[in-house]
Amino acid sequence: MLSAGFATSVQASSVTDQPVIAAKAAIAVDARTGQILYQKNANQALPIASVSKLMTIYIVHQQIKQKKLAWDDQVTISPAIAKLSTASGLTNVPLTAGKSYSVRQLVNATLVASANAAALALGQKVAGTPVKFAKLMTQTAKQIGIKDAKFYNASGLTNKLTGGLALANVSGDAENELSASDVALLASKLMKTFPRVTEITKKTASTFYGTAITGHNQLLNDHQIAKGVVVDGLKTGTSDKAGACFVGSATRKHHRIITVVLGSRNKSATDPARFIQTAKLMRYVFTKQHPITLSKGSQIKGVDKATVPDGKQVDVQPVVKKTTWVWAPKNVSKQQVQGKYVHLNQKKLLPRPKRAQLQARLS
């Protein structure tokens, strides 16, 4: 039996009436399978501002899973981070030099209030210095499958805005960069590995040691996106270079999609442009497309037997290895889904140079 790989085969071009998304780049993917449901300029690396905090939070969760860190561990605040926490024009929660705050509370502040100093404090706790944490972010990106990431700090601020934490020999205007497709990959990895993160990202408000904090995700209370759709995250990002960015997470009937909008209009702190574009994207996916379930062991129409080089069997009938699904236009039925297999070089998995992988397409 062969693994089903639908992400690269059923493309957004299969669906008509695609929306025009007013942003430099955008993408929508199935959070579980990675299938691309919409894309616009999705592979160009762009500044991502506070969207960067998703990587910081992913690393913190990894550290906790590996028992290198605990939710109740205390983080002592350095003078540089305390100073940055009260800097004008930056989203923050106030932190006091020499005082300790729990990892749990700093994560909460990072995700709900997009607190820059809180994110930097977490990075210092994990790696010791901003330089080491920036390197860890890049290493982690490569492990996920992101090749061209540029990370300078845990918060997403430009290098100069981090003040005393700025990296030496790096331009003051340097800002973390990822493509929309890589942001979607990061967000999907975070959601699959640590799904309970939505318990924080779905909050519209919270508290930080008695201080009220509010979230920036205007879609959490928006019930007009599409019928039955629940938005539960994930992260905003805003800067002069990045414009207004947003990574969304939405579910309908247990199917989750991740949306990314980079470089949307940013006229003011409350400009809803990125959320309007995201809502348009979510409505498009959930009203124009539907997931078709392919059961474990089932054969896909149009897939002939695959030749097995030097095998005991001359050929084998490819079938779906485990129950999965593929998104298709609403007017396409399960019976219309066809497939093909391709040979991939998998030397690390098999001594033979070729291994078949099932892929699906639409007739």
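Predicted model: local features only at pLDDT ≥ 70, side-chain atom pairs only at ≥ 80, totals over all residues.
Residues are numbered from 1 along each chain as its sequence is written, and side-chain values use heavy atoms, with hydrogens and water left out.

Helices (H or I, at least four residues) and strands (E, at least two) are DSSP runs numbered from the N terminus. Axes are lines fitted to C-alpha atoms, for helices over the stretch in contact, with angles running from 0 to 180 degrees between N-to-C directions. The axes of α1 and helix α4 (residues 116-127) come within 10 Å and cross at roughly 40°; α1 and α4 are therefore oblique to each other. Their crossing is left-handed, a term for a near helix turned anticlockwise from the far one by less than a right angle, clockwise being right-handed. On the α1 side, Lys53, Thr56, Ile57, Ile59, Val60 and Gln63 meet Asn116, Ala119, Leu122 and Val126 of α4, where contact means heavy atoms within 4.5 Å. By class, this contact has six nonpolar, three polar and one charged residues. Ala, Val, Leu, Ile, Met, Phe, Trp, Tyr, Cys and Pro count as nonpolar, Asp, Glu, Lys and Arg as charged, and the others, Gly among them, as polar.

Helix α1 (residues 53-65) also packs with helix α6 (residues 180-193), their axes coming within 10 Å and crossing at roughly 30°. The two helices are therefore roughly parallel to each other, and the crossing of α1 and α6 is left-handed. Leu54, Met55, Tyr58 and Lys65 of α1 make the contact with Leu186, Ala187, Lys189, Leu190 and Thr193 of α6. Six nonpolar, one polar and two charged residues take part in the contact of α1 with α6.

## Largest pocket

On a 1 Å grid over the protein atoms alone, a pocket is an open set of points with protein on both sides within 12 Å along at least five of seven lines, a cavity is a set where a 1.4 Å probe fits but cannot get out, and lining residues have an atom within 4 Å of a point. Grid points are joined across faces, edges and corners, and a volume is the space filled by probe spheres set on the points.

The largest pocket holds about 560 Å³ of space. Its lining comprises 27 residues, with Gly89, Leu90, Thr91, Thr238 and Ser239 nearest the centre. Strand β9 (residues 230-239) gives the largest share of this lining, five residues. The lining of the pocket has five nonpolar, 15 polar and seven charged residues.

## Cavities

Three cavities of 30 Å³ or more are present in the structure. The largest cavity has a volume of about 110 Å³. It is lined by 14 residues, of which Leu111, Val112, His216, Asn217 and Leu234 are the closest to its centre. The elements giving two or more residues to this lining are α3 (103-112), α7 (198-201) and β9, and the largest share, three residues, comes from β9.

The second largest cavity has a volume of about 70 Å³. Its lining residues include Ile81, Leu120, Phe133, Asn153 and Leu165; α4 and α5 (130-144) are the elements that give two or more residues. By class, this lining divides into seven nonpolar, four polar and no charged residues.

Key
Parallel < 35°, antiparallel > 145°, perpendicular 65-115°, else oblique.
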